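Hi,

Here is the structure I promised to pass on.

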Amino acid sequence: MSGRAPVIVHPPSGTGGRRVTARGEILGMAFSDEDVIEFLGRAGLPDAEDLLDDPSWVKWRGADPHHYEAA
């Protein structure tokens, strides 16, 4: 894996939820870890739940990991 995580969970929006992208492609707006897991599963990543806290796969930006409330 190169030095960048392929999945980015962006900062919470003003109305809540976080945009999730994989290699620049928008996967959706997540309001929970379950949403992120669903998006990663649809993108073909097996065992997506195990990837959430792996910084080589998922980069959490602008707020603590697993935090989805409005900014």
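The salt bridge count comes to one, taking a salt bridge as a side-chain nitrogen of Lys or Arg within 4 Å of a carboxyl oxygen of Asp or Glu. Arg42 and Glu38 form that salt bridge, with their closest N and O atoms 3.0 Å apart. Both residues sit in helix H1 (residues 33–42), four residues apart, or about one turn of the helix. Helices here are DSSP runs of H or I with at least four residues, strands are E runs of at least two, and both are numbered from the N terminus. Arg42 is exposed at 63% relative accessibility, while Glu38 is partly exposed at 40%. For those words, buried is under 20% relative accessible area, exposed is over 50%, and partly exposed lies in between (1.4 Å probe, protein chains only).

Before going on, the ground rules. This is a predicted model, where local features need pLDDT of at least 70 and side-chain atom pairs count only at pLDDT 80 or more, while totals for chains, interfaces and linings use all residues. Residues are numbered from 1 along each chain as its sequence is written, and side-chain values use heavy atoms, with hydrogens and water left out.

Now for Arg18, which is in strand S2 (residues 18–22). Arg18 is buried yet has no salt bridge, and the nearest side chain of opposite charge, Asp33, is 7.6 Å away. For charge, Lys and Arg count as positive and Asp and Glu as negative, with His and the chain ends not counted. What does the side chain of Arg18 have by way of a polar atom close to a backbone oxygen? One of its polar atoms lies 2.8 Å from the backbone oxygen of His67.

His67 itself belongs to the segment after S4 and is partly exposed, with a relative accessible area of 32%. Its C-alpha is 7.9 Å from that of Ser32, 35 residues away along the chain.

Phi of His66 is near 70 degrees, a positive value in a residue other than glycine. Most residues other than glycine have a negative phi.

Asp47 is in the loop between H1 and helix H2 (48–51) and is exposed, with a relative accessible area of 58%.

Back in the segment after S4 there is Asp64, exposed at 58% relative accessibility. Asp64 and Pro12 are 52 residues apart in sequence, with their C-alpha atoms 9.8 Å apart in space.

Last, the largest pocket holds about 170 Å³ of space. It is lined by 11 residues, and the closest to its centre are Arg4, Ala5, Pro6, Ile8 and Arg61. A pocket is an open set of points on a 1 Å grid over the protein atoms alone, where a 1.4 Å probe fits, with protein on both sides within 12 Å along at least five of seven lines; lining residues have an atom within 4 Å of a point. The volume is the space filled by probe spheres set on the points. By class, the lining has four nonpolar, three polar and four charged residues.

Cheers

Technical notes:
Polar contact = N/O pair within 3.5 Å; in protein donor to acceptor, adjacent residues only side chain to side chain. Nonpolar A, V, L, I, M, F, W, Y, C, P; charged D, E, K, R; others polar.
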